[in-house]
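Q: Hi, could you walk me through this one while I have it open on my screen?
A: Happy to, ask away.
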Amino acid sequence: MKRRKFLILGSVFGLCTYAQAREISDFEKAFKKVESTLSVVQEHMFPEKSKLPSAKSMNAIQFLFETMSHKSFDKDIRVFVLEGAKELEIREKVRFSILPEKEKEKALREYEKTNYGSSWLSHMMTLTMEGLFSDPIYGSNVKERGWESLHVHGGHPGPKTRYMES
């Protein structure tokens, strides 16, 4: 085989493995199905024009996705968060994200009365707060506004990479 053909074939095979590697994972597919619900719940908990930065302005949904998709994230919590969002949608019989604000509040209060819903909302609150107040290297806490809102400063020196390698 000539060198030129070898290089061309090597490039083609290299691109094929890259294309396969970017195949959407089952988690990503499941997350995309409930992403709007998760995002709206985060935004309801941390709305615009409050003393704390909003979930939307802090990229909280992207933080949630990236954190939950990391290999070190607890698989049971991952499933619980996704299933909890599905359950909220089923309970409301309409897309939660299209409800008026008062109806969202009422729906979340009713969901909170169940053990499952209360636990799910607690997890959502915790995961969203992690994003709002984590080091900005993780993609949230934009311009350290989460820390500024609490009048605190992050740890120094900050992390150099996003996640510890296992």
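Q: What covers the buried residues of H3?
A: The cover includes helix H2 (26-45), helix H4 (75-92) and helix H6 (115-133). Keep in mind that this is a predicted model.

Q: Which ones are buried in H3?
A: They are Ala60, Ile61, Phe63, Leu64, Phe65, Thr67 and Met68.

Q: At what angle do H3 and H6 pack?
A: The angle is about 105°, and the two axes lie 9 Å apart. That makes H3 roughly perpendicular to H6.

Q: Which residues make that contact?
A: From H3 you have Ala60, Phe63 and Leu64. H6 brings in Met124, Leu127, Thr128, Glu130 and Gly131. Sorted by class, the contact of H3 with H6 has 5 nonpolar, 2 polar and 1 charged residues.

Q: Switching topic: where is His44 found?
A: His44 sits in helix H2.

Q: Is His44 buried or exposed?
A: It counts as buried, because its relative accessible area is 18% and the cut-off for buried is under 20%.

Q: What is His44 in contact with, leaving aside its neighbours within four places in sequence?
A: Those partners are Glu101, Lys104, Glu105 and Leu108. With Glu101 there is also a polar contact of 3.2 Å between the two side chains.

Q: How do the axes of H2 and H5 cross?
A: They cross at roughly 95° and come within 11 Å of each other, with H5 covering residues 101-112. H2 and H5 are therefore roughly perpendicular to each other.

Q: Which residues of H2 and H5 make the contact?
A: On the H2 side, Val40, Val41 and His44 take part, and they meet Glu101, Lys104, Glu105 and Leu108 of H5. In the contact of H2 with H5, 3 residues are nonpolar, 1 is polar and 3 are charged.

Q: Zooming out, how many helices and strands are there in the protein chain?
A: The protein chain has 7 helices and 0 strands.

Q: What share of the chain's residues count as buried?
A: Of 166 residues in the protein chain, 34% count as buried.

Q: And what does the accessible surface come to?
A: It comes to about 11,200 Å² for the protein chain, and 58% of that belongs to carbon and sulfur atoms.

Definitions and conventions:
Residues are numbered from 1 along each chain as its sequence is written. This is a predicted model: local features need pLDDT of at least 70, side-chain atom pairs count only at pLDDT 80 or more; totals for chains, interfaces and linings use all residues. Side-chain values use heavy atoms; hydrogens and water are left out. Buried means under 20% relative accessible area, exposed over 50%, partly exposed in between (1.4 Å probe, protein chains only). Helices (H or I, at least four residues) and strands (E, at least two) are DSSP runs, numbered from the N terminus. Contact means heavy atoms within 4.5 Å. A polar contact is a pair of N or O atoms within 3.5 Å; within protein, one must be able to donate a hydrogen and the other to accept it, and residues adjacent in sequence count only if both atoms are side-chain atoms. Axes are lines fitted to C-alpha atoms, for helices over the stretch in contact, and angles run from 0 to 180 degrees between N-to-C directions. Angles under 35 degrees count as roughly parallel, over 145 as roughly antiparallel, 65 to 115 as roughly perpendicular and the rest as oblique. Ala, Val, Leu, Ile, Met, Phe, Trp, Tyr, Cys and Pro count as nonpolar, Asp, Glu, Lys and Arg as charged, and the others, Gly among them, as polar. Accessible areas come from the Shrake-Rupley method with a 1.4 Å probe; for residues, only the protein chains shown count as cover.
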